[in-house]
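Here is a friendly walk through one protein model, from its aromatic rings to its helix packing. Please keep the structure open beside the text as you read.

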Amino acid sequence: MSGSVKKPPKDSLQPRDTRVEEEDENLWESIVQPAFAEFAGTFFYTFAVCMAVTTQNTLLYAIACGLGIGCLCVAFVNISGGHFNPATTLATFISGGLHIVNLLCYIPLQIIGAIIGAAFVRACLYEPTYSEIKGGASVFRGNHRIDGFNEWMMVNNWDTEPFLGIITEVIMSFMVFAAYLQANIDERRSGKRKEPLVYGLAITCVTLASFYTAGAGFNPAVSFGAAIVSEQWADHYVYWAGPLAGAGIAALFFRIILGDEEKRLLC
């Protein structure tokens with residue numbers, strides 16, 4: 001009786017210990033490393049952004065926000081995507097650029113990193129200075145609700161309302177997250193090269209554009225971390241509703257119209 005003998009699968013020829021080591025390495029690089037990168041990056045970013053409020057200069061503050069997120073994104077984009085923002089993580093997940101396990105790991109660790117970063121700001125500043133900058137918390141500046149950084153701002157805070165601040169945050173956030181997705185998630189770029197600095201440039205622009213009205217809080221983790229440490233909760237919902245809605249809209253536009261062939265749902 002003749003018959004062909006089936007060869008075992010190629011993977012089964014590898015020693016069992018080797019396969020286990022490869023699985024552990026994949027788990028480390030796909031889950032552990034990215035999660036830690038998001039925690040560490042959000043910690044550093046929150047510390048830098050909150051400390052930047054001590055400059056009492058809107059241009060310098062916007063540059064610090066943009067350069068901070070841009071540099072960190074350059075450093076970690078190939079590990080975790082360089083989000084450091086729950087809204088960015090949500091937009092990336094909806095756009096098909098992130099696994100649900102990473103989503104569930106990133107957001108809690110981003111928030112924890114932001115809280116620790118904000119706590120270090122409080123530890124590094126004497127109380128009068130810390131109170132003056134309100135811990136670096138995102139604060140709604142419309143309708144003369146708070147004092148500004150200088151005499152010009154004290155006199156010229158524009159009259160607006162929180163719901164208009166949310167609309168401003170939604171529009172500005174849409175710009176930021178659409179730019180991030182097209183520069184780092186879309187696969188049609190030459191050589192599939194990522195452009196993480198686009199993220200920082202967009203943050204700089206929207207911070208300058210909306211600081212005097214909505215307060216320029218486009219990162220819910222940073223806003224929450226600074227608020228929980230400084231206990232500055234006035235109109236805090238603006239800095240969750242606006243960025244998350246903007247992220248969702250940007251992701252839907254990417255999925256339906258603007259994304260590459262693999263991620264686009266139409267045509």
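## Rings, helices and a lysine

F43 has a relative accessibility of 17%, so this residue counts as buried; the cut-offs are under 20% relative accessible area for buried, over 50% for exposed and partly exposed in between, with a 1.4 Å probe and protein chains only. Before going further, please note that this is a predicted model, in which local features need pLDDT of at least 70, side-chain atom pairs count only at pLDDT 80 or more, and totals for chains, interfaces and linings use all residues. Residues are numbered from 1 along each chain as its sequence is written, and side-chain values use heavy atoms, with hydrogens and water left out.

**Aromatic pairs.** A pair of aromatic rings is described by the distance of the centres and the angle of the planes. Here, rings of Phe, Tyr and Trp (its six-membered ring) pair if their centres lie within 6.5 Å; planes under 30 degrees apart are stacked, over 60 edge-to-face and the rest tilted. The structure holds ten such pairs, and two of them are set out below.

| Pair | Centre distance | Plane angle | Class |
|---|---|---|---|
| F43 and F44 | 5.1 Å | 65° | edge-to-face |
| F174 and F253 | 5.4 Å | 75° | edge-to-face |

**The overall fold.** How many helices and strands does the protein have? The secondary structure comes to ten helices and zero strands; helices (H or I, at least four residues) and strands (E, at least two) are DSSP runs, numbered from the N terminus. Of the 267 residues in the protein, 46% are buried. Among contacts (heavy atoms within 4.5 Å) with a separation of 6 or more, 72% come from residues 24 or more positions apart.

Helix α7 (residues 162–184) packs against helix α10 (residues 238–258) at an angle of about 40°, their axes being 7 Å apart. Axes are lines fitted to C-alpha atoms, for helices over the stretch in contact, and angles run from 0 to 180 degrees between N-to-C directions. This makes α7 oblique to α10: angles under 35 degrees count as roughly parallel, over 145 as roughly antiparallel, 65 to 115 as roughly perpendicular and the rest as oblique. The residues of this contact of α7 with α10 divide into 19 nonpolar, five polar and one charged. In that grouping, Ala, Val, Leu, Ile, Met, Phe, Trp, Tyr, Cys and Pro are nonpolar, Asp, Glu, Lys and Arg charged, and the others, Gly among them, polar.

Helix α3 (residues 86–94) and helix α4 (residues 100–124) have axes that come within 9 Å and cross at roughly 170°, and α3 and α4 are therefore roughly antiparallel to each other. On the α3 side P86, T89, L90 and F93 meet I100, L103, Y106, I107 and Q110 of α4. This contact of α3 with α4 has seven nonpolar, two polar and no charged residues.

Leaving aside residues up to four places away in sequence, K263 touches S95, G96, G97, I185, E187, F254 and R255.
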